[in-house]
Amino acid sequence: MVETATDRSALLADFGEVATWTPSGGSAATLTALFQKEHEEVDTGGAVSVVMSHPRVTCRTADVSTAAEGDSFAIGGVTYTVRVVLDDGTGMTQLVLEAP
């Protein structure tokens, strides 16, 4: 767990990427976020499994305090739609994204 605002800022400075968050109907803001694009194999009960992508970003809660489903989040040259906002209560928020 990251304990202080200084620790959170250092984590993002060392490992984060520059991104743009745009609230629905609002103005864009540039911030730094940790981007993860995990893939998961899902057994659908057939002969062939399906692979699903689960892109998400982790950023400082202070940077996305009003984030909501439907907002846009651009990182790595791709603009995603925010689908789930998970504030962990420690000053970091994870946004689950949907690819275009």
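In this predicted model, S5 and S6 run antiparallel and are joined by six bridges. Across that pairing, Val 84 sits opposite Val 96 in S6. The hairpin linking S5 and S6 has four residues between the strands, and Gly 89 there adopts a positive phi near 80 degrees.

S5 has another partner in S4: these two pair in the antiparallel sense, this time over four bridges. Here Ser 72 faces Thr 81 in S5. With two residues between the strands, the S4 and S5 hairpin also has a glycine with a positive phi, Gly 76, at a value near 65 degrees.

Next comes the nonpolar packing. The largest nonpolar core counts 14 residues, and Leu 31, Val 57, Val 64, Phe 73, Leu 95 and Leu 97 make the most contacts inside it. At least two residues of this core come from each of S1 (17-22), S2 (29-42), S3 (50-60), S4 (72-75), S5 (78-87) and S6 (92-98). As for Val 64, setting aside residues up to four places away in sequence, its contacts are Trp 21, Leu 31, Cys 59, Thr 93 and Leu 95.

Then there is Arg 56, which belongs to strand S3. Arg 56 counts as buried because its relative accessible area is 18%, and the cut-off for buried is under 20%. What does the side chain of Arg 56 join through a polar contact of 2.5 Å? The partner is the side chain of Gln 94. Beyond neighbours within four places in sequence, Arg 56 touches Leu 34, Phe 35 and Gln 36, along with Gln 94, Leu 95, Val 96 and Leu 97.

Definitions and conventions. Residues numbered from 1 in each chain as written. Predicted model: local features only at pLDDT ≥ 70, side-chain atom pairs only at ≥ 80, totals over all residues. Heavy atoms only, no water. Core = buried A, V, L, I, M, F, W, Y, C linked by side-chain atoms within 4.5 Å. Buried < 20%, exposed > 50% of the residue type's maximum accessible area, 1.4 Å probe, protein only. Contact = heavy atoms within 4.5 Å. Pairing = 2+ DSSP bridges. Polar contact = N/O pair within 3.5 Å; in protein donor to acceptor, adjacent residues only side chain to side chain.
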